[in-house]
Amino acid sequence: MARPRHIGVLTAGGDCPGMNAAVRAVVKTAEHRHELRVTGFLDGFAGLLADRARPLGFDDVAGILVQGGTMLGASNRDDPFHVPITGGGYEDRSDAVLATAARHGLDGLVVVGGDGSLTIARRLAARGLPIVGIPKTIDNDVSGTDITVGFDSALCVVTEALDRLHTTAAAHHRVMVVEVMGRQAGWIALEGGIAAGGDVVLIPEIPFRYEAAAAGILARAHRGRRFSIVVVAEGALCPDGGPVVRRRIADSPEPIRLGGVGAVVSDALEALVPFEVRYVVLGHLQRGGVPTAFDRMLATRFGVAAVTALAEGASGCMVALHGDRIERVPIDESVTRPRLVDPLGERVTVARSVGTIFGDEVSA
Ligand code: F6P
C-alpha cells in the first residue's frame, strides 16, 4: 500500500471532554511525525455527507487541549446509512460519504466516537475507506477498551455534585435522589456512588425493588444517619415499568433518549421512608467543562496511536486501553455488544463491601 498522505478526522455522537485533546493529538502527530495533511469534517458524519470540512494544522489546534466540547462540532443523529427522506422513509447515502472522501483524496479517517458512531465507522471501513476509531463517551460502555475518553471527566463532575448534595441532604435530613447519565450502562452511577459515598446505587445491570432500597435508608436511620444519597442511573429498570424513556429520535443511531427515572424513584421512595425526598437530574452538566488530566492523557495517547495505525496501513480497528498499554482491537469486536457493569464484578463487590445498597435481594 502507498504511504498515506492525507487523512480526515471527525468527532461524532454526544460530545464529551477530551474530544478536542484527541483532535489536537491527531493533527500534531499527523503533521509532526508522519507528514500527513489533515482535514477536519464538521458535525460528525453530517460533515462527510454534505462535504463540510476545514483543513487543520498546528495553529488550528493551538489551545484546544483544555477545552471541553469539540472544535469540529458533533452530532448524535446523522447516520449516513439511514438518512431521512422528504415524504417519509430513509435511504442509504453512504455513497455520498465515500464520494466526499474521494474528492478530498483521503487515504484514511479517524473517527472519535462511541458505539453508535463506531458502528457507522465499521460499515464505512467495510466499503473500503480506511478508518481507525478512538473510543469516547461519558457512558464508558464501549467494549474492547478498559475506559473511554470522557468518562473520567464526567465522573469528576458527578462526584463533586454528590459531595455538594451530601451536605444539604444531611442538613435537612432528607433523601436526595440524583439521576445520572450512562444509557444502558451503570458505570457513572456505580463509580460516582463509590467515589462520593452514595448510600443507594441503582443501576440497569442490577434489578432493584423500592422496598429493598427503602429498607437500606431505614437501616441507616436506625444507626442515626437521618439522610441518604440515592444515585440512580438513567437506564435503571423501574420494578413496575422498566427504563424511563424521555423521547425517541428516529434518525439517531441510538433512537431512545432516557430520562425521568429520578422523579419516579423519588416518588416511590417518599411513600416508603419517613423523610422528605428530593431529586436532581445532572443531565448534560456531566458532558461539559474541561477534561481531567486523565482524559487529556488518554485522548492524546489514543490520538497518537490512531494516526500511527493509519500510517501503518491499519483499518477497521479501534485504539484501546488495556491496563497501561494502548493497543488496537477490531471495531467489529468493540461494537457487537455494549460494555456493561458486571453485577458480580470487582467494582460491585467493592461497593457492597463498604455498605452500598443496590436495592436487590443481596443488599436488602
Ligand atoms: O451517550 C452520551 C449521553 O450523554 C448519554 O449518557 C445520554 O443518554 C445521551 O447521550 C443524551 O443524548 P442527548 O444529548 O441527545 O440528549
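In which strand is Thr39 found? In this predicted model, Thr39 belongs to strand S2, which covers residues 37–41.

- Thr39 has a relative accessibility of 6%, and because buried means under 20% relative accessible area, Thr39 counts as buried.
- The side chain of this strand S2 residue is joined to the side chain of His6 by a polar contact of 2.7 Å.

**The surroundings of the ligand**

- The residues that surround the ligand are Asn76, Ile138, Asp139, Met181, Gly182, Arg183, Glu234, Arg257, His284 and Arg287.

**Polar contacts and burial of the ligand**

- Asp139, one of the residues around the ligand, has an N or O atom in its side chain that lies 2.6 Å from an oxygen atom of the ligand.
- For Arg257, the distance between an N or O atom of the side chain and an oxygen atom of the ligand is 2.7 Å.
- For Arg287, an N or O atom of the side chain is found 2.8 Å from an oxygen atom of the ligand.
- The ligand taken alone exposes 400 Å², and the protein buries 81% of that area.

Note on methods. Residues numbered from 1 in each chain as written. Predicted model: local features only at pLDDT ≥ 70, side-chain atom pairs only at ≥ 80, totals over all residues. Heavy atoms only, no water. Near = heavy atom within 4 Å. Polar contact = N/O pair within 3.5 Å; in protein donor to acceptor, adjacent residues only side chain to side chain. Areas by Shrake-Rupley, 256 points an atom, 1.4 Å probe, with all protein chains shown as cover. Helix = DSSP H or I, 4+ residues; strand = E, 2+ residues; numbered from the N terminus. Buried < 20%, exposed > 50% of the residue type's maximum accessible area, 1.4 Å probe, protein only.
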